[in-house]
Amino acid sequence: MIDRPTLSDDPLVLATANQRRASAPESSVWVAASAGTGKTKVLTDRVVRLLLAGTPPQRLLCLTYTKAATAEMATRIAARLSAWATEPEDRLLAQQIFALTGTAPDQRQLDDARRLFARVLEVPGGLRIQTLHAFCQGLLQRFPLEAGILPHFTVLDEQSAAILLAEAQDAVLTTAQLGIDLELTRALDLVAANATDTSFDKILNKILGMRGRVQRMLEHHGNAANVHFALAKRFNIDPDLTPEALIESACADSILDRVKILQLAEALRHGGATDQRCATVIHKFIETPASERVAHYRDYHEVFITKKEGTPRKNFPSKDANKFDPDCQDIAARETERLLDIADKEGSAEILHRSSALIRLSAAILEAYAERKNRGAWLDYQDLIFKARDLVAGNGKNAYCLGHV
(Lines give C-alpha, C1' and ligand atoms only; values in the text may rest on other atoms or scores of the structure.)
Protein backbone atom coordinates (compact mmCIF):
# COMPACT_ATOMS: atom_id res chain seq x y z
CA MET A 1 0.00 0.00 0.00
CA ILE A 2 1.56 3.32 -1.07
CA ASP A 3 1.46 6.14 1.50
CA ARG A 4 -0.60 9.15 0.57
CA PRO A 5 0.88 12.65 1.03
CA THR A 6 -0.08 14.87 3.93
CA LEU A 7 0.21 18.62 4.25
CA SER A 8 3.42 18.24 6.31
CA ASP A 9 5.19 15.96 3.79
CA ASP A 10 7.61 17.18 1.17
CA PRO A 11 5.86 16.12 -2.10
CA LEU A 12 9.13 15.44 -3.92
CA VAL A 13 10.58 13.33 -1.12
CA LEU A 14 7.31 11.45 -0.69
CA ALA A 15 6.96 10.79 -4.43
CA THR A 16 10.51 9.46 -4.61
CA ALA A 17 9.94 7.18 -1.62
CA ASN A 18 6.68 5.83 -3.02
CA GLN A 19 8.22 5.20 -6.44
CA ARG A 20 11.05 3.34 -4.74
CA ARG A 21 8.57 1.20 -2.81
CA ALA A 22 6.55 0.52 -5.95
CA SER A 23 9.64 -0.65 -7.84
CA ALA A 24 10.72 -3.08 -5.10
CA PRO A 25 11.10 -6.58 -6.64
CA GLU A 26 9.70 -8.38 -3.59
CA SER A 27 6.38 -6.50 -3.76
CA SER A 28 3.37 -7.07 -6.00
CA VAL A 29 2.25 -3.58 -6.93
CA TRP A 30 -0.53 -1.91 -8.90
CA VAL A 31 0.31 1.66 -9.90
CA ALA A 32 -2.38 4.09 -11.07
CA ALA A 33 -1.46 7.68 -11.89
CA SER A 34 -2.04 10.45 -14.41
CA ALA A 35 -0.06 10.75 -17.62
CA GLY A 36 3.45 12.08 -17.17
CA THR A 37 3.68 11.31 -13.45
CA GLY A 38 6.27 8.54 -13.65
CA LYS A 39 4.55 5.19 -14.29
CA THR A 40 7.08 4.25 -16.98
CA LYS A 41 9.92 5.29 -14.66
CA VAL A 42 8.57 3.01 -11.93
CA LEU A 43 8.33 0.07 -14.31
CA THR A 44 11.81 0.75 -15.68
CA ASP A 45 13.21 0.98 -12.14
CA ARG A 46 11.48 -2.27 -11.26
CA VAL A 47 13.08 -4.11 -14.19
CA VAL A 48 16.54 -2.78 -13.30
CA ARG A 49 16.08 -3.75 -9.65
CA LEU A 50 15.00 -7.25 -10.64
CA LEU A 51 18.17 -7.55 -12.68
CA LEU A 52 20.21 -6.25 -9.76
CA ALA A 53 18.56 -8.86 -7.52
CA GLY A 54 19.85 -11.59 -9.81
CA THR A 55 16.80 -12.34 -11.97
CA PRO A 56 17.94 -13.80 -15.33
CA PRO A 57 17.12 -11.27 -18.09
CA GLN A 58 15.46 -13.94 -20.23
CA ARG A 59 12.88 -14.56 -17.49
CA LEU A 60 11.57 -10.99 -17.53
CA LEU A 61 8.51 -9.99 -19.53
CA CYS A 62 7.26 -6.40 -19.76
CA LEU A 63 3.93 -5.66 -21.42
CA THR A 64 2.90 -2.17 -22.51
CA TYR A 65 -0.13 -0.90 -24.36
CA THR A 66 1.60 1.06 -27.12
CA LYS A 67 4.66 0.57 -29.29
CA ALA A 68 5.89 3.99 -28.20
CA ALA A 69 5.92 2.89 -24.57
CA THR A 70 7.77 -0.29 -25.54
CA ALA A 71 10.50 1.68 -27.31
CA GLU A 72 10.71 4.19 -24.44
CA MET A 73 11.22 1.46 -21.84
CA ALA A 74 13.85 -0.35 -23.88
CA THR A 75 15.73 2.91 -24.46
CA ARG A 76 15.68 3.90 -20.78
CA ILE A 77 16.85 0.50 -19.53
CA ALA A 78 19.64 0.28 -22.11
CA ALA A 79 20.80 3.83 -21.32
CA ARG A 80 20.97 3.17 -17.58
CA LEU A 81 22.74 -0.19 -17.83
CA SER A 82 25.25 1.10 -20.39
CA ALA A 83 25.97 4.10 -18.13
CA TRP A 84 26.58 1.77 -15.20
CA ALA A 85 28.89 -0.40 -17.30
CA THR A 86 31.05 2.56 -18.20
CA GLU A 87 30.92 4.51 -14.91
CA PRO A 88 34.60 4.99 -13.92
CA GLU A 89 34.04 5.69 -10.23
CA ASP A 90 32.57 3.18 -7.81
CA ARG A 91 31.45 6.05 -5.58
CA LEU A 92 29.21 7.57 -8.27
CA LEU A 93 27.80 4.18 -9.24
CA ALA A 94 27.03 3.43 -5.60
CA GLN A 95 25.16 6.73 -5.31
CA GLN A 96 23.01 5.84 -8.31
CA ILE A 97 22.17 2.40 -6.94
CA PHE A 98 21.40 3.86 -3.51
CA ALA A 99 19.03 6.40 -5.13
CA LEU A 100 17.31 3.53 -6.90
CA THR A 101 17.06 1.00 -4.07
CA GLY A 102 17.53 2.98 -0.86
CA THR A 103 20.29 0.55 0.14
CA ALA A 104 24.04 1.08 -0.08
CA PRO A 105 25.59 -1.59 -2.37
CA ASP A 106 28.67 -3.62 -1.51
CA GLN A 107 31.53 -4.28 -3.92
CA ARG A 108 29.96 -7.48 -5.25
CA GLN A 109 26.76 -5.62 -6.11
CA LEU A 110 28.74 -2.88 -7.82
CA ASP A 111 30.53 -5.46 -9.94
CA ASP A 112 27.23 -7.17 -10.79
CA ALA A 113 25.70 -3.82 -11.80
CA ARG A 114 28.56 -3.21 -14.24
CA ARG A 115 27.99 -6.62 -15.85
CA LEU A 116 24.20 -6.22 -16.31
CA PHE A 117 24.47 -4.52 -19.69
CA ALA A 118 26.52 -7.38 -21.12
CA ARG A 119 24.13 -9.97 -19.63
CA VAL A 120 21.19 -8.30 -21.31
CA LEU A 121 23.02 -8.09 -24.65
CA GLU A 122 23.69 -11.83 -24.50
CA VAL A 123 19.98 -12.66 -24.36
CA PRO A 124 18.70 -13.64 -27.84
CA GLY A 125 16.45 -10.82 -28.95
CA GLY A 126 17.24 -8.78 -25.84
CA LEU A 127 14.82 -8.05 -23.03
CA ARG A 128 11.26 -9.06 -23.80
CA ILE A 129 9.39 -5.76 -23.83
CA GLN A 130 6.27 -6.13 -25.92
CA THR A 131 2.88 -4.57 -26.46
CA LEU A 132 0.01 -6.50 -24.92
CA HIS A 133 -1.39 -7.25 -28.37
CA ALA A 134 1.92 -8.56 -29.69
CA PHE A 135 2.26 -10.87 -26.69
CA CYS A 136 -1.28 -12.21 -27.15
CA GLN A 137 -0.74 -12.70 -30.87
CA GLY A 138 2.45 -14.68 -30.25
CA LEU A 139 0.70 -16.84 -27.66
CA LEU A 140 -2.22 -17.61 -29.97
CA GLN A 141 0.10 -18.41 -32.88
CA ARG A 142 1.80 -21.04 -30.72
CA PHE A 143 -1.46 -22.62 -29.49
CA PRO A 144 -4.16 -21.92 -32.09
CA LEU A 145 -6.03 -25.21 -31.70
CA GLU A 146 -6.09 -24.95 -27.93
CA ALA A 147 -7.48 -21.41 -28.30
CA GLY A 148 -10.15 -22.61 -30.75
CA ILE A 149 -8.97 -20.47 -33.67
CA LEU A 150 -7.72 -21.12 -37.18
CA PRO A 151 -3.93 -21.60 -37.28
CA HIS A 152 -3.59 -19.27 -40.26
CA PHE A 153 -5.44 -16.34 -38.69
CA THR A 154 -4.37 -12.79 -39.48
CA VAL A 155 -4.77 -9.65 -37.38
CA LEU A 156 -6.96 -6.79 -38.51
CA ASP A 157 -5.54 -3.32 -38.06
CA GLU A 158 -7.79 -0.72 -36.45
CA GLN A 159 -8.91 0.82 -39.74
CA SER A 160 -9.80 -2.53 -41.33
CA ALA A 161 -11.64 -3.62 -38.18
CA ALA A 162 -13.62 -0.36 -38.16
CA ILE A 163 -14.63 -0.85 -41.80
CA LEU A 164 -15.72 -4.44 -41.17
CA LEU A 165 -17.71 -3.42 -38.09
CA ALA A 166 -19.40 -0.61 -40.05
CA GLU A 167 -20.39 -3.11 -42.75
CA ALA A 168 -21.90 -5.41 -40.12
CA GLN A 169 -23.76 -2.49 -38.54
CA ASP A 170 -25.20 -1.35 -41.88
CA ALA A 171 -26.35 -4.88 -42.70
CA VAL A 172 -28.14 -5.31 -39.35
CA LEU A 173 -29.80 -1.88 -39.47
CA THR A 174 -30.98 -2.54 -43.03
CA THR A 175 -32.48 -5.85 -41.92
CA ALA A 176 -34.25 -4.07 -39.07
CA GLN A 177 -35.53 -1.24 -41.28
CA LEU A 178 -36.94 -3.65 -43.85
CA GLY A 179 -38.83 -5.60 -41.19
CA ILE A 180 -37.10 -8.87 -42.06
CA ASP A 181 -36.49 -9.53 -38.36
CA LEU A 182 -39.41 -8.13 -36.34
CA GLU A 183 -37.54 -8.31 -33.04
CA LEU A 184 -34.72 -6.22 -34.48
CA THR A 185 -37.24 -3.83 -36.03
CA ARG A 186 -38.89 -3.23 -32.65
CA ALA A 187 -35.50 -2.72 -31.02
CA LEU A 188 -34.43 -0.22 -33.69
CA ASP A 189 -37.72 1.69 -33.44
CA LEU A 190 -37.36 2.00 -29.67
CA VAL A 191 -33.75 3.16 -29.78
CA ALA A 192 -34.40 5.59 -32.64
CA ALA A 193 -37.52 7.00 -30.95
CA ASN A 194 -35.41 8.16 -28.01
CA ALA A 195 -32.46 9.56 -29.97
CA THR A 196 -31.63 12.14 -32.61
CA ASP A 197 -29.76 11.31 -35.80
CA THR A 198 -26.44 12.28 -34.21
CA SER A 199 -27.06 10.82 -30.75
CA PHE A 200 -28.19 7.50 -32.26
CA ASP A 201 -24.79 7.02 -33.88
CA LYS A 202 -22.98 8.14 -30.73
CA ILE A 203 -24.93 5.74 -28.51
CA LEU A 204 -24.41 2.79 -30.84
CA ASN A 205 -20.74 3.56 -31.38
CA LYS A 206 -20.18 3.87 -27.64
CA ILE A 207 -21.67 0.49 -26.81
CA LEU A 208 -19.90 -1.17 -29.75
CA GLY A 209 -16.70 0.39 -28.46
CA MET A 210 -17.23 -1.70 -25.34
CA ARG A 211 -17.96 -4.81 -27.38
CA GLY A 212 -15.68 -6.99 -25.28
CA ARG A 213 -17.74 -6.25 -22.18
CA VAL A 214 -21.00 -6.61 -24.10
CA GLN A 215 -19.93 -9.97 -25.48
CA ARG A 216 -18.92 -11.24 -22.05
CA MET A 217 -22.32 -10.20 -20.74
CA LEU A 218 -24.07 -12.01 -23.59
CA GLU A 219 -21.96 -15.13 -23.04
CA HIS A 220 -22.69 -15.06 -19.32
CA HIS A 221 -26.46 -14.86 -19.78
CA GLY A 222 -26.71 -16.87 -22.99
CA ASN A 223 -28.38 -14.32 -25.27
CA ALA A 224 -29.94 -10.85 -25.40
CA ALA A 225 -33.34 -12.12 -24.21
CA ASN A 226 -31.81 -13.52 -21.03
CA VAL A 227 -30.00 -10.23 -20.46
CA HIS A 228 -33.42 -8.55 -20.55
CA PHE A 229 -34.74 -10.88 -17.86
CA ALA A 230 -31.62 -10.33 -15.74
CA LEU A 231 -32.06 -6.56 -15.98
CA ALA A 232 -35.73 -6.86 -15.04
CA LYS A 233 -34.74 -8.86 -11.98
CA ARG A 234 -32.19 -6.20 -11.05
CA PHE A 235 -34.86 -3.48 -11.36
CA ASN A 236 -37.36 -5.68 -9.51
CA ILE A 237 -40.05 -5.24 -12.16
CA ASP A 238 -42.04 -7.51 -14.46
CA PRO A 239 -39.92 -8.10 -17.61
CA ASP A 240 -43.04 -7.68 -19.75
CA LEU A 241 -44.06 -4.42 -18.10
CA THR A 242 -43.80 -1.49 -20.51
CA PRO A 243 -44.14 2.20 -19.58
CA GLU A 244 -47.28 2.39 -21.71
CA ALA A 245 -48.90 -0.59 -19.99
CA LEU A 246 -47.97 0.84 -16.59
CA ILE A 247 -49.67 4.16 -17.33
CA GLU A 248 -52.75 2.41 -18.69
CA SER A 249 -53.09 0.41 -15.50
CA ALA A 250 -52.59 3.56 -13.43
CA CYS A 251 -55.57 5.15 -15.18
CA ALA A 252 -57.95 2.23 -14.69
CA ASP A 253 -61.20 2.77 -12.77
CA SER A 254 -60.32 -0.16 -10.52
CA ILE A 255 -57.20 1.71 -9.35
CA LEU A 256 -58.59 5.21 -8.93
CA ASP A 257 -60.61 6.15 -5.86
CA ARG A 258 -63.00 8.39 -7.78
CA VAL A 259 -64.97 9.49 -4.72
CA LYS A 260 -61.90 10.64 -2.81
CA ILE A 261 -60.26 12.28 -5.83
CA LEU A 262 -63.42 14.22 -6.63
CA GLN A 263 -63.63 15.22 -2.96
CA LEU A 264 -60.13 16.67 -3.32
CA ALA A 265 -61.15 18.50 -6.49
CA GLU A 266 -64.11 20.05 -4.70
CA ALA A 267 -61.84 21.34 -1.93
CA LEU A 268 -59.50 22.81 -4.54
CA ARG A 269 -62.42 24.70 -6.05
CA HIS A 270 -62.46 26.75 -2.85
CA GLY A 271 -58.77 27.61 -3.05
CA GLY A 272 -56.85 30.14 -5.08
CA ALA A 273 -56.41 30.36 -8.84
CA THR A 274 -53.77 27.61 -8.91
CA ASP A 275 -55.94 25.25 -6.88
CA GLN A 276 -58.88 25.92 -9.15
CA ARG A 277 -56.84 25.11 -12.27
CA CYS A 278 -55.76 21.87 -10.60
CA ALA A 279 -59.39 21.06 -9.83
CA THR A 280 -60.28 21.47 -13.51
CA VAL A 281 -57.46 19.10 -14.55
CA ILE A 282 -58.57 16.51 -11.98
CA HIS A 283 -62.20 16.65 -13.11
CA LYS A 284 -61.21 16.31 -16.75
CA PHE A 285 -59.05 13.29 -15.96
CA ILE A 286 -61.59 11.53 -13.74
CA GLU A 287 -64.61 12.16 -15.95
CA THR A 288 -62.86 10.95 -19.11
CA PRO A 289 -63.60 7.29 -19.99
CA ALA A 290 -60.84 4.99 -18.77
CA SER A 291 -59.94 3.95 -22.32
CA GLU A 292 -59.13 7.60 -23.19
CA ARG A 293 -57.71 8.71 -19.85
CA VAL A 294 -54.06 8.04 -20.78
CA ALA A 295 -54.03 11.14 -22.98
CA HIS A 296 -54.61 13.31 -19.90
CA TYR A 297 -52.35 11.42 -17.50
CA ARG A 298 -49.35 13.77 -17.71
CA ASP A 299 -51.44 16.80 -16.87
CA TYR A 300 -53.03 14.94 -13.97
CA HIS A 301 -49.60 13.76 -12.77
CA GLU A 302 -48.30 17.34 -12.71
CA VAL A 303 -51.10 18.41 -10.40
CA PHE A 304 -49.40 16.44 -7.63
CA ILE A 305 -45.75 16.21 -8.75
CA THR A 306 -43.47 18.85 -10.28
CA LYS A 307 -42.55 18.27 -13.91
CA LYS A 308 -38.89 19.30 -13.70
CA GLU A 309 -37.79 17.93 -10.31
CA GLY A 310 -40.28 15.07 -10.08
CA THR A 311 -40.97 15.90 -6.42
CA PRO A 312 -44.29 16.43 -4.53
CA ARG A 313 -45.67 19.93 -4.90
CA LYS A 314 -45.17 22.13 -1.87
CA ASN A 315 -48.08 23.75 -0.06
CA PHE A 316 -50.56 21.58 -1.93
CA PRO A 317 -53.44 21.72 -1.27
CA SER A 318 -53.47 25.35 -0.14
CA LYS A 319 -54.64 26.62 3.24
CA ASP A 320 -57.98 27.71 1.78
CA ALA A 321 -58.63 24.21 0.37
CA ASN A 322 -57.65 22.63 3.68
CA LYS A 323 -59.90 25.03 5.52
CA PHE A 324 -62.86 23.95 3.37
CA ASP A 325 -62.09 20.22 3.77
CA PRO A 326 -59.39 19.14 6.26
CA ASP A 327 -59.38 15.63 4.72
CA CYS A 328 -58.11 16.89 1.35
CA GLN A 329 -54.50 16.98 2.64
CA ASP A 330 -54.48 13.23 3.35
CA ILE A 331 -56.22 12.46 0.04
CA ALA A 332 -53.60 14.45 -1.89
CA ALA A 333 -50.75 12.81 0.06
CA ARG A 334 -51.98 9.28 -0.72
CA GLU A 335 -52.46 10.06 -4.42
CA THR A 336 -49.05 11.74 -4.58
CA GLU A 337 -47.43 8.65 -3.08
CA ARG A 338 -49.20 6.42 -5.62
CA LEU A 339 -48.10 8.59 -8.54
CA LEU A 340 -44.49 8.73 -7.27
CA ASP A 341 -44.43 4.93 -7.14
CA ILE A 342 -45.77 4.78 -10.70
CA ALA A 343 -43.15 7.31 -11.87
CA ASP A 344 -40.38 5.23 -10.28
CA LYS A 345 -41.60 2.04 -11.97
CA GLU A 346 -42.10 3.89 -15.25
CA GLY A 347 -38.50 5.10 -15.17
CA SER A 348 -37.25 1.58 -14.46
CA ALA A 349 -39.37 0.14 -17.27
CA GLU A 350 -38.08 2.76 -19.72
CA ILE A 351 -34.46 2.05 -18.80
CA LEU A 352 -35.10 -1.69 -19.03
CA HIS A 353 -36.66 -1.67 -22.48
CA ARG A 354 -34.34 0.94 -23.97
CA SER A 355 -31.29 -0.90 -22.65
CA SER A 356 -32.60 -4.23 -23.88
CA ALA A 357 -33.32 -2.77 -27.31
CA LEU A 358 -29.80 -1.40 -27.55
CA ILE A 359 -28.34 -4.71 -26.40
CA ARG A 360 -30.40 -6.63 -28.99
CA LEU A 361 -29.12 -4.37 -31.76
CA SER A 362 -25.55 -4.61 -30.49
CA ALA A 363 -25.73 -8.40 -30.17
CA ALA A 364 -26.92 -8.70 -33.77
CA ILE A 365 -24.18 -6.37 -35.01
CA LEU A 366 -21.49 -8.23 -33.07
CA GLU A 367 -22.74 -11.54 -34.46
CA ALA A 368 -22.62 -10.18 -38.02
CA TYR A 369 -19.16 -8.76 -37.33
CA ALA A 370 -17.94 -12.10 -35.97
CA GLU A 371 -19.30 -13.95 -39.01
CA ARG A 372 -17.35 -11.65 -41.32
CA LYS A 373 -14.17 -12.20 -39.32
CA ASN A 374 -14.72 -15.95 -39.37
CA ARG A 375 -14.97 -15.97 -43.15
CA GLY A 376 -11.66 -14.14 -43.47
CA ALA A 377 -9.92 -15.92 -40.55
CA TRP A 378 -9.36 -12.52 -38.97
CA LEU A 379 -8.92 -11.39 -35.39
CA ASP A 380 -9.07 -7.79 -34.22
CA TYR A 381 -7.05 -6.37 -31.32
CA GLN A 382 -9.76 -7.10 -28.77
CA ASP A 383 -9.99 -10.68 -30.03
CA LEU A 384 -6.29 -11.12 -29.33
CA ILE A 385 -6.72 -10.14 -25.70
CA PHE A 386 -9.87 -12.11 -24.99
CA LYS A 387 -8.77 -15.22 -26.87
CA ALA A 388 -5.46 -15.20 -25.02
CA ARG A 389 -7.29 -14.72 -21.73
CA ASP A 390 -9.56 -17.67 -22.45
CA LEU A 391 -6.59 -19.77 -23.47
CA VAL A 392 -4.63 -19.25 -20.25
CA ALA A 393 -7.83 -19.64 -18.22
CA GLY A 394 -8.50 -23.00 -19.88
CA ASN A 395 -11.56 -21.77 -21.77
CA GLY A 396 -10.39 -22.52 -25.31
CA LYS A 397 -13.02 -24.03 -27.59
CA ASN A 398 -10.65 -26.59 -29.16
CA ALA A 399 -12.39 -26.10 -32.47
CA TYR A 400 -11.67 -24.45 -35.79
CA CYS A 401 -13.72 -21.32 -35.20
CA LEU A 402 -12.98 -17.76 -34.24
CA GLY A 403 -16.06 -17.28 -32.13
CA HIS A 404 -17.18 -13.82 -31.08
CA VAL A 405 -15.35 -10.73 -29.95
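Student: Which residues are exposed on the other side of α9?

Tutor: This is a predicted model. Leu-182, Arg-186 and Ala-193 are exposed there.

Student: Which residues of α9 are buried?

Tutor: Start with the general idea. An α-helix has 3.6 residues a turn, so residues three or four places apart point the same way. In α9, the buried residues are Leu-184, Thr-185, Ala-187, Leu-188 and Val-191. Viewed down the axis of α9, these buried residues fall within an arc of 165°, so they line one face of the helix. Their cover includes α8 (158-177), α10 (197-209) and α18 (328-376).

Student: What caps the N-terminal end of α9?

Tutor: Asp-181 does, with a side-chain oxygen 3.1 Å from the backbone nitrogen of Glu-183.

Student: Now the rings. How many aromatic pairs are there?

Tutor: Rings pair if their centres lie within 6.5 Å, and the count comes to three. Phe-285 and Tyr-300 are stacked, at 4.0 Å centre to centre with 10° between the planes. Phe-285 is in helix α15 and Tyr-300 in helix α16, 15 residues apart. Both Phe-285 and Tyr-300 are buried.

Student: Why is the pair of Phe-304 and Phe-316 called edge-to-face?

Tutor: Planes over 60 degrees apart count as edge-to-face. The planes of Phe-304 and Phe-316 stand at 90°, with the ring centres 5.7 Å apart, so this pair qualifies. Phe-304 lies in helix α16 and Phe-316 in the loop between α16 and α17, so the pair ties together parts 12 residues apart in sequence.

Student: Which residues form the aromatic cluster?

Tutor: Phe-285, Tyr-300, Phe-304 and Phe-316 form one cluster. Arg-293 lies over the face of Phe-285, 5.7 Å from the ring centre.

Methods: Residues numbered from 1 in each chain as written. Predicted model: local features only at pLDDT ≥ 70, side-chain atom pairs only at ≥ 80, totals over all residues. Heavy atoms only, no water. Buried < 20%, exposed > 50% of the residue type's maximum accessible area, 1.4 Å probe, protein only. Helix = DSSP H or I, 4+ residues; strand = E, 2+ residues; numbered from the N terminus. Arc of directions from axis to C-beta. Contact = heavy atoms within 4.5 Å. Polar contact = N/O pair within 3.5 Å; in protein donor to acceptor, adjacent residues only side chain to side chain. Phe/Tyr/Trp six-rings, centres within 6.5 Å; stacked < 30°, edge-to-face > 60°. Lys NZ or Arg CZ within 6 Å of the ring centre and 35° of its normal.
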